[in-house]
Amino acid sequence: MKSWKGAALLAAALAAPAMAADQGVTDTEILLGEVEPLTGPPGLLGIAHNLGVRLALAEANAAGGVGGRTLKLVAEDDGYVTSRTIQSLRKLIGVDKVFALTAVSGSGQAVASIPVLKQSGIPTMIPIGPLPPLYEPPMDNVFVVGQSYTEGMHQLALFLAEKHPGAKWGVITQDDDYGAALREGIEQAKGEAQIEVAFETRYARGQKDFSSEMLRVKDAGVEVLIAGGIISENIAMVKEAEKLGITPAIATFWPGRVPEVLKAIGPASDGIYAVDYVAPIQSDAGQAFLELARKHLTEDEVARVNRYTMTGYTSTRLLIAAMQTCAEDLTWACTNQALADGPAVDTGVMAPAAFAGGRFTNSPVTIMQADYETLSYAPVD
Amino acid sequence: MNYLIELLVSGLAVGAVYGLIAMSFAIIFKATGLLNFAQGEMGMITAYVAFSIASATDGNPWLTAAGAIVFSVLFALAVERIVIRPMVDEPILARIMTTIGLAVIFRSGTMLVWDALPHDMGLAAGSALVDLGGVRVRGAQIGVVVALAVAVAAMLAFFRYSRFGIAMRAVASDDATARLMGVKTARVQQAAWGAAAVMSGIAGALFAIAWELSPSLYALGLKSFPATILGGLDSVVGSAFGGVVIGITENLVGGYLSPGLKEVAGFVIIIAILMVRPYGLFGEKRIERL
């Protein structure tokens, strides 16, 4: 009899997460959590993202919160280290008992967190690193906002192939999942357009000197260069190209599409192509976003706003809209369903975002070109 | 031919950066028996201070250089006096762990004081392009090669002719005996920390001028440490040579074999040389390895 009772207690304890779906919700507040890099070089994206989430929460709280409850956020710094991401996730879910997650760090960290996310069932937004393993196959509680690196590269490569027919290409990518996604995008484009890659190489993450790579680019007569680095690597590649006196059409990707990169490169950054699903900060939509940010963030914080602030904001707006739908019955199950089926949220800085029954917004991308004089990007016709 | 020359010149420039930081590792080891794993971070902080001075002085190179050098010396003396000297009689592993802890603190501190963004140093002379017989280089790249040459010449003269240099060799040879002979070992160790900070600071600042300034600059320390091992842990001049060898080898491998192999090329050379000369190319046999 005693052992039967023990087994029943154990079963109840194991089932606890499913029954405690409304954790983090009290009569007066809703606690949300996120993990992101707030220190180290990747802090460039983590800090900006955090501002976007806080902006969305501040805006919602100013409008009365969700069902009269104030939204609060616990942000954990993982330093972009996967083991710390998992540790922070367990803390947020098990100790802080947050109701939902507004971010799970970068792409690699989020993919590594899949087992924890699946097991817990907590509503989770992924606005930073939208990799296919996060939405293919879809998970009930994981919602990816944006576009995959592969599709972004695919569209960028098709544009460049049309713009520079018959050109020799150079492709320099990182030797990790990010680089693999970019290479896959180019491979897809090769099936649809004529792309002749004259030089292709991969570099180890953290590499700082690209002089020999760029000499190979020069030697191969490259006319279109895919600079597949993140931030520092692209700066080094473009500055090397300037030093060598070569002027290929250079294309970069959205992780480094921030004005500081153009400033660090200098005049050689003028005309660099980029692809993104987020509006440039200098566009009308970007300026309207900055106006909104000024209402809720400090001057120093507004200075740190970039594209990651916009994706964090849009993603959190989607989550808040779902929670509003479920305000009377704020459970994980209801929120997950409302996220999947909810109407599109239009923040102006991205195309109207919705999951349309799925778990991925599949946001359309825009090709842009850098303007060094204004340290900005403008869409290419 | 021009392709080879361009590879050699680029390799020499980045090798000079490695060489200066490698010399910093070696001079502290020679004077104190300690490996300072915060050397790359100290160079990075000096580069950030140079950036702040350049921003405040409208890119005045002389004020920036003077201010950064003074800062690097004061910073190193403070670290040595406040953190390192109180641990002088502690086990070597504890002291090395302390420098690793300092490295983490310096990295986070840089983010707190400055930011995570990449920056241009704002020193036009350093980033200007110079044509050397058909090979284009940046002013800062010439600067770092000159700085390495000056540092090597200064170190050779220092150890051979100056009383202080001879005292440093005595401390390195036998700390206790040197103390009994009247050598002020604390002063010698301060001088080593100061000289190391200046060399790594110059390397960090010039690298940042030629490429970019960001909180990942500390990684230069990790790239330079193998050069110290290659040249010889207690050989300051040998470490400079090790840096140049690694820089040029990386570029030649990247240029003629595969760029993907350039990051491992230096380590292959190190393993090959250490198998033949475990104490490095110019190191003394008595070194105890950790």
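How many residues does the contact take from chain A and from chain B? In this predicted model, the contact takes 33 residues from chain A and 29 residues from chain B.

**Side of chain A that touches chain B**
- Five elements of chain A each supply at least two residues of the side that touches chain B: α2 (43-62), β7 (196-203), α8 (211-219), α9 (232-244) and α10 (259-265).
- By residue class, this side of chain A divides into 12 nonpolar, 11 polar and 10 charged residues.

**Helix α3 of chain A**
- Helix α3 of chain A covers residues 82-95, and its 14 residues should span 20 Å at 1.5 Å a residue. The end C-alpha atoms of this helix are 19 Å apart, which agrees.
- The buried residues in α3(A) include A:Thr85, A:Ser88, A:Leu89, A:Leu92 and A:Ile93. They cover an arc of only 125° around the axis, so they sit on the same side of α3(A).
- Packing partners of the buried residues of α3(A) are β1 (29-36), β2 (70-77), β3 (100-104), α4 (107-112) and α5 (114-120), which belong to chain A.
- On the face of α3(A) turned away from its buried side are the exposed residues A:Ser83 and A:Val95.
- A:Lys97 follows α3(A) and has a positive phi, near 55°.

**Fold and dimensions of chain B**
- Chain B has 12 helices and 2 strands, in the sequence order α-α-α-α-α-β-β-α-α-α-α-α-α-α.
- The radius of gyration of chain B is 19 Å, close to the 19 Å that the globule rule gives for 290 residues, so chain B is as compact as a globular protein of that length.
- The C-alpha trace of chain B spans about 55 × 50 × 35 Å along its principal axes.
- Of the 290 residues of chain B, 51% count as buried.
- Among contacts in chain B with a separation of 6 or more, 74% come from residues 24 or more positions apart.

**Annotated spans of chain B**
- An unreviewed UniProt entry places the feature "transmembrane region" at residues 7-29, 62-80, 92-114, 139-159, 191-211 and 264-282 of chain B.
- In the model, residues 7-29 of chain B are 100% helix and 0% strand, with end C-alpha atoms 32 Å apart.
- Residues 62-80 of chain B are also 100% helix and 0% strand, and the end C-alpha atoms of this span lie 27 Å apart.

Terms used: Residues numbered from 1 in each chain as written. Chains lettered and ligands numbered in written order. Predicted model: local features only at pLDDT ≥ 70, side-chain atom pairs only at ≥ 80, totals over all residues. Contact = placed C-beta atoms within 7 Å. Helix = DSSP H or I, 4+ residues; strand = E, 2+ residues; numbered from the N terminus. Nonpolar A, V, L, I, M, F, W, Y, C, P; charged D, E, K, R; others polar. UniProt positions renumbered as here; feature names shortened; annotations may be inferred. Expected span 1.5 Å × (residues − 1). Buried ≥ 20, exposed ≤ 12 C-beta atoms within 10 Å, placed from the backbone. Arc of directions from axis to C-beta. Rg over C-alpha atoms; globule rule 2.2 N^0.38 Å.
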